Amino acid sequence: MPTALRLHAPMALPCDATCAVVRDAVVDVDDTGRISYCGPRRGAPERSNDVVVRECGGILLPGLINAHAHSPMTLLRGMGADLPLLRWLNEVIFPAEARLRPSDVRAGMELGCVEMLRAGITTSAEMYFIAESMVEATLAVGSRAVLASAVIDTPALEALGGWRGAVEGVDRWIDADGLRFGPGERIELAYGPHSAYLLPPEALQAIGESAQQRNALVHTHVAETLAEDTAQREEYGSVPALLDKLGVLEGRVVAAHGVHLSDEDIVLFARRGVGVAHCPGSNAKLASGTARLVELLAAGVPVGLGTDGPSSNDDLDLWEEVQLAGLFARTVTGDATALSARAALLAATRGGAEALHRDDIGALEPGRWADIVHLDVDNPAFATGLDAPDEQVLSNVVWAAGSRSVRDVWVAGEEVLNDREPTRVDRRTVQAAARTAALHVRG
């Protein structure tokens, strides 16, 4: 494919398997929105005169992947902020969500997409209600999402439909529009059974069968807190064992949180290729614990990082999760080498793609979508300069830079954030719409 865009920067972090550092780097994007070259400028292919060339005075890296989010919950941010998970859900969140209208979900999702782009997140794996509104919002802002319609069986949300109707609706949608659609395949549809404790086994089994027939992702909460799934653990040993018995793990699955997994659960996940979305910030705020990240990685489980919802975190900044993942891994193990800067960065990029069973995002490699982030190094985090040794630069990216360094973002080769402002929507208009929607949802 002909090159349409060439980005040049002093450094690129392609997030290949070794987390290499490329200096005097070029990233070429073809006219389909995919990467055609990433490497040193001296090895770049010849370009024609009509190629758009952009000089980026910092670092290029793949867009971060938020492997577990409920982004429309931007509208609920701060509600019930000091409650544990189950009380927070039942007393505050579920009653508020029962008042949601399609326009509210769209407003909350647009705000979430804008917030994530400003943090360098180009893809989010979402689980929420009224997925049609989430699609509209994602396409409007220009980001990328794996959208799982939440499937739940609770009287508080009966107005949004029972689990059977929800599953059948996703079946019909995928059969009609395909698994992925939109410009640059920005939308992927998935199934979102909330959890084993909020759905009967027959629902989980039916969802697994539907998803496998369509090669769709199953995105579900697993072992987030000790108190949530006591009945399932008493009968089946663990939720992973239950999901395996029902055949759910035979397909593409990402398990959100995975805080309280046993050794046997981890072995099972590794054998089945189940991805885990590690959400250290939300888990800490809700006092749920912290996932066994070191053991999961050692077992070969694909692990990505997630923010969880912006009302339980309370932001959509994956750079914070990168740092917390490393800090908690080191604290829990007592080992300052437990999670290196390279491993932490890969978890937010390549690891997130692997956890979602995707090989077309998460790295700057030929054939993958050109979801690219430009970090501005004109700030104190990089005051020591990019001519420092590779390990020092990587350490500064992971431990010091943060979302404040994100300057520009491309999705499928299209610039959707320029100088920290979204290009497709007006940020202040999006924020105003979210304020109006939040007033309605609060009741």
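Colleague: What does a search of the whole structure find in the way of aromatic pairs?

Modeller: The search finds two aromatic pairs. This is a predicted model, in which local features need pLDDT of at least 70 and side-chain atom pairs count only at pLDDT 80 or more, while totals for chains, interfaces and linings use all residues. Residues are numbered from 1 along each chain as its sequence is written, and side-chain values use heavy atoms, with hydrogens and water left out.

Colleague: Why is the pair of Tyr128 and Phe129 called tilted?

Modeller: Rings of Phe, Tyr and Trp (its six-membered ring) pair if their centres lie within 6.5 Å; planes under 30 degrees apart count as stacked, over 60 as edge-to-face and the rest as tilted. The ring centres of Tyr128 and Phe129 are 5.1 Å apart and the planes stand at 55 degrees, so the pair is tilted. Both Tyr128 and Phe129 are buried.

Colleague: Why is the pair of Trp173 and Phe181 given the name tilted?

Modeller: The centres of the Trp173 and Phe181 rings lie 6.4 Å apart and their planes are at 40 degrees, so this pair is tilted.

Colleague: What makes Trp173 a buried residue?

Modeller: Buried means under 20% relative accessible area, exposed over 50%, and partly exposed in between (1.4 Å probe, protein chains only). Trp173 has a relative accessible area of 15% and is therefore buried. Phe181, at 18% relative accessibility, counts as buried. For the chain, buried residues make up 60% of the 443 residues.

Colleague: Which residue lies over the face of Trp369?

Modeller: Arg34 lies there, at 3.8 Å from the ring centre. The criterion is that NZ of Lys or CZ of Arg is within 6 Å of the ring centre and within 35 degrees of the ring normal.

Colleague: How do you know that the chain is as compact as a globular protein of its length?

Modeller: The chain has 15 helices and 18 strands; these are DSSP runs numbered from the N terminus (helices H or I, at least four residues; strands E, at least two). The radius of gyration is taken over C-alpha atoms, and the globule rule is 2.2 Å times the number of residues to the power 0.38. The radius of gyration of the chain is 21 Å, close to the 22 Å given by the rule for 443 residues, so the chain is as compact as a globular protein of that length. The C-alpha trace spans about 60 × 45 × 40 Å along its principal axes.

Colleague: How many cavities of 30 Å³ or more does the structure hold, and what makes a space a cavity rather than a pocket?

Modeller: The structure holds one cavity of 30 Å³ or more. On a 1 Å grid over the protein atoms alone, a cavity is a set of points where a 1.4 Å probe fits but cannot get out; a pocket is an open set with protein on both sides within 12 Å along at least five of seven lines, and lining residues have an atom within 4 Å of a point. Grid points are joined across faces, edges and corners, and a volume is the space filled by probe spheres set on the points. The largest cavity has a volume of about 210 Å³. Of its 19 lining residues, the closest to the centre are His70, Met73, Leu89, His194 and His221. The elements giving two or more residues to this lining are α1 (85–97) and β7 (121–128); α1 gives the most, with six residues.

Colleague: What is the volume of the second largest pocket, and how does its lining divide?

Modeller: The second largest pocket has a volume of about 190 Å³. Its lining divides into eight nonpolar, two polar and two charged residues, where Ala, Val, Leu, Ile, Met, Phe, Trp, Tyr, Cys and Pro count as nonpolar, Asp, Glu, Lys and Arg as charged, and the others, Gly among them, as polar. Helices α12 (341–348) and α13 (350–355) are the elements that give two or more residues to the lining of this pocket.

Colleague: Why does Cys19 count as buried?

Modeller: Cys19 has 0% relative accessibility and therefore counts as buried. Cys19 is in the loop between β1 (3–12) and β2 (22–30), and its phi is near 55 degrees, a positive value in a residue other than glycine.
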